[in-house]
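Please consult the sequence and the structure shown below alongside the text.

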Amino acid sequence: MRAHTVTVLFILTCVLVYVTLLEETPQDTTYNTKRGIVASILVFLCFGVTQAKDGPFTRPHPAYWRFWLCVSVVYELFLIFVLFQTVRDGRQFMKYIDPKLGVALPERDYGGNCLIYDPGNTTDPWHNIWDKMDGFVPAHFLGWYIKTLVIRDWWMCMIISVMFEFLEYSLEHQLPNFSECWWDHWIMDVLVCNGLGIYAGMKTLGWLSMKPYQWQGLWNIPTYKGKIKRMAFQFTPYSWVKFEWKPASNLRRWLAVLGIIFMFLLAELNTFYLKFVLWMPPEHYLVLLRLVFFVNVGGVAMREIYDFMDDPKFYRKLGQQAWLVAAITVTEFLIVVKYDPRTIMLPIPFFVTQCWFLGIVLILSWTLWRFFIR
């Protein structure tokens with residue numbers, strides 16, 4: 001690894017020397033500020049990729065996961081900066097990233113006419129179903145496929161999937177796009193998109209758990225077909241660890257699983273509330289980049305949480321990626337609270353409050369019975 005660190009340092013130094021001695025600095029303050037910030041981030045990423053501590057994953061290469069660890073630090077610092085701005089300045093600051101941002105955008109309402117078959121529309125009575133077939137359908141499927149690979153437990157995935165639909169019911173008075181038809185909630189989302197994604201994820205997990213993990217050097221493989229297969233398997237895990245959460249085994253694991261579910265749901269809600277308070281359209285590339293970011297850091301964070309929970313004597317502190325993901329999720333929520341407290345504080349309908357109160361009482365009662373009375 002020493003050659004890589006020296007090589008990166010040499011290339012970085014050459015680039016800085018070129019910019020300093022050979023390139024004429026433009027007389028544009030805004031452009032220079034943007035380029036200086038980007039250059040500072042790139043230098044930090046170069047340092048982190050070569051010098052940061054390795055995490056639990058080694059494939060396709062440890063440097064890949066060190067890169068995303070450093071991106072987590074940069075993202076958290078960006079969120080802290082946005083958090084310390086006024087609401088107006090924070091929204092207008094997004095214009096420096098994309099001039100199209102900083103403008104209030106209406107939210108799409110997914111409710112309205114909830115007839116599956118609309119006899120009043122003679123041209124296409126199934127138009128309500130086709131209207132819901134947008135880009136979010138494959139996104140839901142792919143998202144839950146990846147979440148299943150991250151969580152590695154069918155029950156936890158289904159609980160989070162169903163709980164989020166209840167959250168959408170509970171918060172549709174705050175965000176209009178939470179107002180969906182009943183069949184959109186339970187058939188399109190839970191059964192079709194989420195359910196098929198979880199099923200495909202569990203099948204992949206089964207294949208990964210049964211796959212033999214015996215690695216051979218690329219140059220020791222005689223055939224080209226074997227070399228190509230070995231290169232493809234470079235993007236699979238080096239070894240496999242089956243997650244056995246066992247939430248009912250002791251109080252510590254039970255509270256840990258509840259905390260994981262809570263943070264997952266909070267991160268899901270942040271997706272919708274952040275674009276609402278920062279005025280970002282759902283199809284904007286920043287929304288997609290955030291999802292790509294969580295896809296890459298989520299698996300590492302979950303593995304570190306599992307190791308910390310499963311073997312606390314060996315793993316005496318929470319992993320670095322898990323720590324950052326938790327901090328990012330909380331900071332995102334604090335931005336939402338600061339930027340639009342009026343929406344967050346809209347009174348929840350009484351019957352919804354009763355349902356959540358009943359659910360909390362049932363969880364507390366079961367916890368007392370399982371771990372203290374029984």
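The points that follow are grouped by topic.

The model is predicted. The count of cavities of 30 Å³ or more comes to one, and a search of the whole structure finds eight salt bridges. A nonpolar surface patch of about 810 Å² is also present.

- The largest cavity has a volume of about 60 Å³.
- Its lining consists of K53, D54, G55, W65, R66, L69, V300, E304, Q320 and Q321.
- Two or more lining residues come from each of the elements α3 (62-83), α11 (285-310) and α12 (320-339).
- Helix α3 makes the greatest contribution to this lining, with three residues.
- By residue class, the lining of the largest cavity comprises four charged, three polar and three nonpolar residues.

**Nonpolar surface patch**

- The patch of about 810 Å² is made by F10, I11, V15, V17, Y18, V19, L21 and L22.
- One of these residues, V15, is found in helix α1 (residues 2-21).
- V15 has a relative accessible area of 45% and is therefore classed as partly exposed, since that class lies between the 20% limit for buried and the 50% limit for exposed.

**Salt bridges**

- E23 and R35 form a salt bridge in which the closest N and O atoms are 2.6 Å apart.
- E23 lies in the loop between α1 and α2 (29-51), whereas R35 belongs to helix α2, so this pair ties together parts that are twelve residues apart in sequence.
- Both partners are partly exposed: E23 has a relative accessible area of 27%, and R35 has one of 28%.
- R88 and D89 meet through their side chains in a salt bridge, at 3.5 Å from N to O.
- Within this pair, R88 counts as exposed at 61% relative accessibility, while D89 counts as partly exposed at 37%.
- A salt bridge also joins the side chains of K246 and E244, with an N to O distance of 3.6 Å.
- E244 is partly exposed, its relative accessibility being 38%.

**A buried loop glycine**

- G102 is placed in the loop between α4 (87-97) and α5 (127-132).
- The relative accessible area of G102 is 8%, so this residue is classed as buried, the limit for that class being under 20%.
- G102 and Q92 are ten residues apart in sequence, and their C-alpha atoms are 4.9 Å apart in space.

Conventions:
Residues numbered from 1 in each chain as written. Predicted model: local features only at pLDDT ≥ 70, side-chain atom pairs only at ≥ 80, totals over all residues. Heavy atoms only, no water. 1 Å grid on protein atoms, 1.4 Å probe; cavity = no way out; pocket = protein on both sides within 12 Å on 5 of 7 lines; lining within 4 Å. Points joined across faces, edges and corners; volume = space filled by probe spheres on them. Helix = DSSP H or I, 4+ residues; strand = E, 2+ residues; numbered from the N terminus. Nonpolar A, V, L, I, M, F, W, Y, C, P; charged D, E, K, R; others polar. Patch = residues over 30% accessible without salt bridge, like charges linked within 9 Å, V, L, I, M, F, W, Y side chains within 5 Å. Areas by Shrake-Rupley, 256 points an atom, 1.4 Å probe, with all protein chains shown as cover. Salt bridge = Lys/Arg side-chain N within 4 Å of Asp/Glu carboxyl O. Buried < 20%, exposed > 50% of the residue type's maximum accessible area, 1.4 Å probe, protein only.
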